[in-house]
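This report covers how the chain is divided and where it leaves open space. The sequence and model come first.

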Amino acid sequence: MTQTVRGVISREKGEPVEVVEVVIPDPGAGEVVVDIIACGVCHTDLTYREGGINDEFPFLLGHEAAGTVESVGAGVTNVQAGDFVILNWRAVCGQCRACKRGRPHLCFDTFNAEQPMTLTDGTPLTPALGIGAFADKTLVHEGQCTKVDPAADPAVAGLLGCGVMAGIGAAINTGAVNRDDTVAVIGCGGVGDAAIAGAALVGARRIIAVDTDNKKLDWARGFGATHTINAKELDPVATIQDLTDGFGADVVIDAVGRPETWKQAFYARDLAGTVVLVGVPTPDMTLEMPLIDFFSRGGSLKSSWYGDCLPERDFPTLISLYLQGRLPLEKFVSERIGLEDIESAFHRMHAGEVLRSVVIL
């Protein structure tokens, strides 16, 4: 037996999204149907619509989601009907070389549901990041569901499914920010502000936010930035060095992902400091620098993919901290919208007017 629900698809590259009827099959072995309550509008969804991920149209968009398990397929053991879950796109396999070496956060073979969701004419849909949560319901692999405390606001909880987790994880997991560290974050959108919140959570001594938009710098202060730099007015590298006794920051996080911001991060860190790239570059971007600078400066140069998170470890902990009032995740929710408002939400996001629009279903 199948169900027909509302869903938002991208039918062709660059075309406005559509609300259509989507067919959800009953869950098969290892699969789960989730009744979506809330789903954030992430830049990755816009990238799918623009053909920046692949050309496997039509896409069922949406992936930063929380909801309630409606039904489970054969062999599902980690969740049951009625559980409140956050969806994730890293359902670790447990068998690849990364998993077997005790590094499941780097899993090379994550799981998705095997059955396709389709249009009513049978056309298979490609779910964004294997989730497809701009819909009343979606079908995922059981490993994509992480059970958390149902006391959490779903609009807040779902954001851990992508951008907020990426930023917090870039600071805590990848950058290993510790108490008394100095930290600089370049780019103060959702991911950058999440990195700032993560650095504040673990007790960083000084947190320097860098952006070219004063509104975003104001947002950054709300998440714990102790100093702000408008890169249109001041040299970010020199100013970060001035704010860190001339040495540079212990950890610099590039949440933009462009060659020029990465170079700023590289030269703004202390000699033994760490650079974390969490902003996603486009495939055509290249970097040219003197090799001697890499040799002479030491430290670590890292990329952070999904904040190097392990959902079953990190999601419940971060939700607990949020419920205790120690992690202000609610500040990321700029507005609550309906499915029909997603196209306009893309425009507001691209213009930098919101941190996160959240679809409420």
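## Domains

Domain bounds here come from an automatic or database domain assignment. On that basis the protein chain splits into domain 1 (3-161 + 328-360) and domain 2 (167-304). Taken over C-alpha atoms, the centres of domain 1 and domain 2 are 29 Å apart. Eight residues from domain 1 and eleven residues from domain 2 take part in the contact, where contact means heavy atoms within 4.5 Å.

## Model and conventions

This is a predicted model, in which local features need pLDDT of at least 70 and side-chain atom pairs count only at pLDDT 80 or more, while totals for chains, interfaces and linings use all residues. Residues are numbered from 1 along each chain as its sequence is written, and side-chain values use heavy atoms, with hydrogens and water left out.

## Domain interface

Between domain 1 and domain 2, about 780 Å² is buried, and carbon and sulfur atoms give 74% of this area. Buried area is the accessible area (1.4 Å probe) that two parts lose on being put together, summed over both. Of the area that domain 1 buries against domain 2, 58% is supplied by Phe332, Gly352 and Leu355, more than by any other three residues.

The count of salt bridges between domain 1 and domain 2 is zero; a salt bridge is a side-chain nitrogen of Lys or Arg within 4 Å of a carboxyl oxygen of Asp or Glu.

## Largest pocket

A pocket is an open set of points on a 1 Å grid over the protein atoms alone, where a 1.4 Å probe fits, with protein on both sides within 12 Å along at least five of seven lines; lining residues have an atom within 4 Å of a point. The largest pocket holds about 1500 Å³ of space. It is lined by 43 residues, and His43, Thr44, Val256, Gly279 and Val280 are the closest to its centre.

Domain 1 and domain 2 each give at least three residues to the lining of the largest pocket. Helix 1 (43-49) is one of the helices that supply at least two residues of this lining, and its four residues are the largest share. Helices (H or I, at least four residues) and strands (E, at least two) are DSSP runs, numbered from the N terminus.

## Second largest pocket

The second largest pocket has about 230 Å³ of space. Among its 14 lining residues, Asn78, Glu142, Gly143, Cys145 and Glu312 are the closest to the centre. Strand 10 (145-147) and helix 10 (311-323) each supply at least two lining residues; the three from strand 10 form the largest share.

Methods. Grid points are joined across faces, edges and corners, and a volume is the space filled by probe spheres set on the points.
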